[in-house]
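The sequence and structure come first.

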Amino acid sequence: MIKGMLGTNSIEQIAFVVNDIDQAISSFSKLLGISQPDWFLTGAHDRSQVFYKGKPSDTQSKLLLIDTPSVQFELMEVNDEPSTMRD
């Protein structure tokens, strides 16, 4: 089997940055036939130590990981603070 540009034929995680995590959870739950899981809020800067363009950022994300037998889906809704996810 020929390996693709990623250097592998296996994908273990697919991440989506979404505008509305509750709507995304509803859609993924219906797609996968699962009950709606709860998201969690990532840590504030004092815990996460996120920097953006060399400066501390107060960015936080609502985050959800959905595990399936073949792939993990990550759903992330970021706040309005500067971050690579907003770019």
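A residue is called exposed when its relative accessible area is over 50%, buried when that area is under 20%, and partly exposed in between. The model discussed here is predicted. Pro-56 has a relative accessibility of 56%, so this residue counts as exposed.

**Surface residues**

Pro-56 belongs to strand β4. Leaving aside neighbours within four places in sequence, Pro-56 is in contact with His-45, Val-50 and Phe-51. His-45 lies 11 residues from Pro-56 along the chain, and the C-alpha atoms of the two are separated by 7.3 Å.

Leu-6 sits in the segment before β1, the strand that spans residues 13-17. Its relative accessibility is 69%, and Leu-6 is therefore exposed, the cut-off being over 50%. Together with Ile-11, Ile-14 and Phe-16, Leu-6 makes a nonpolar surface patch of about 380 Å².

Val-17 is placed in strand β1. With a relative accessible area of 47%, Val-17 is partly exposed. Its contacts, leaving aside neighbours within four places in sequence, are Met-76 and Met-85. Between the C-alpha atoms of Val-17 and Tyr-52 there is a separation of 17 Å, and the two residues are 35 residues apart along the chain.

**Nonpolar core and aromatic rings**

Which residues make up the largest nonpolar core? There are 10 in all: Val-18, Ile-21, Ala-24, Ile-25, Phe-28, Leu-64, Ile-66, Val-71, Phe-73 and Leu-75. Two or more residues of this core come from each of α1 (21-32), β5 (61-67) and β6 (72-78). The most is given by α1, with four residues.

The structure holds two aromatic pairs. Phe-16, Phe-28 and Phe-73 form one aromatic cluster.

**Salt bridge**

Side chains of opposite charge can pair when their charged atoms come close. How many salt bridges are there? The count comes to one. The salt bridge joins Glu-77 and Lys-62, with the closest N and O atoms 3.9 Å apart. This pair links distant parts of the chain, as Glu-77 is in strand β6 and Lys-62 is in strand β5, 15 residues apart. Glu-77 counts as buried because its relative accessibility is 18%. Lys-62, at 24% relative accessibility, counts as partly exposed.

Ser-83 is found in the segment after β6. Is Ser-83 buried or exposed? With a relative accessible area of 5%, Ser-83 is buried. Apart from neighbours within four places in sequence, Ser-83 is in contact with Tyr-52 and Thr-59. The C-alpha atoms of Ser-83 and Thr-59 are separated by 6.4 Å, although these residues are 24 residues apart along the chain.

**Positive phi values**

Two residues other than glycine are listed here with a positive phi. For Gln-49, phi is near 55 degrees. Gln-49 lies in the loop between α2 (45-48) and β3 (51-52), and its relative accessibility of 43% makes Gln-49 partly exposed. For Lys-53, phi is near 50 degrees. Lys-53 is in the loop between β3 and β4 (55-56), and its relative accessible area of 70% means that Lys-53 is exposed.

**Accessibility of selected residues**

The table collects relative accessible areas for residues discussed above.

| Residue | Relative accessible area | Class |
|---|---|---|
| Ser-83 | 5% | buried |
| Glu-77 | 18% | buried |
| Lys-62 | 24% | partly exposed |
| Gln-49 | 43% | partly exposed |
| Val-17 | 47% | partly exposed |
| Pro-56 | 56% | exposed |
| Leu-6 | 69% | exposed |
| Lys-53 | 70% | exposed |

Note on methods:
Residues numbered from 1 in each chain as written. Predicted model: local features only at pLDDT ≥ 70, side-chain atom pairs only at ≥ 80, totals over all residues. Heavy atoms only, no water. Patch = residues over 30% accessible without salt bridge, like charges linked within 9 Å, V, L, I, M, F, W, Y side chains within 5 Å. Areas by Shrake-Rupley, 256 points an atom, 1.4 Å probe, with all protein chains shown as cover. Salt bridge = Lys/Arg side-chain N within 4 Å of Asp/Glu carboxyl O. Buried < 20%, exposed > 50% of the residue type's maximum accessible area, 1.4 Å probe, protein only. Core = buried A, V, L, I, M, F, W, Y, C linked by side-chain atoms within 4.5 Å. Phe/Tyr/Trp six-rings, centres within 6.5 Å; stacked < 30°, edge-to-face > 60°. Contact = heavy atoms within 4.5 Å.
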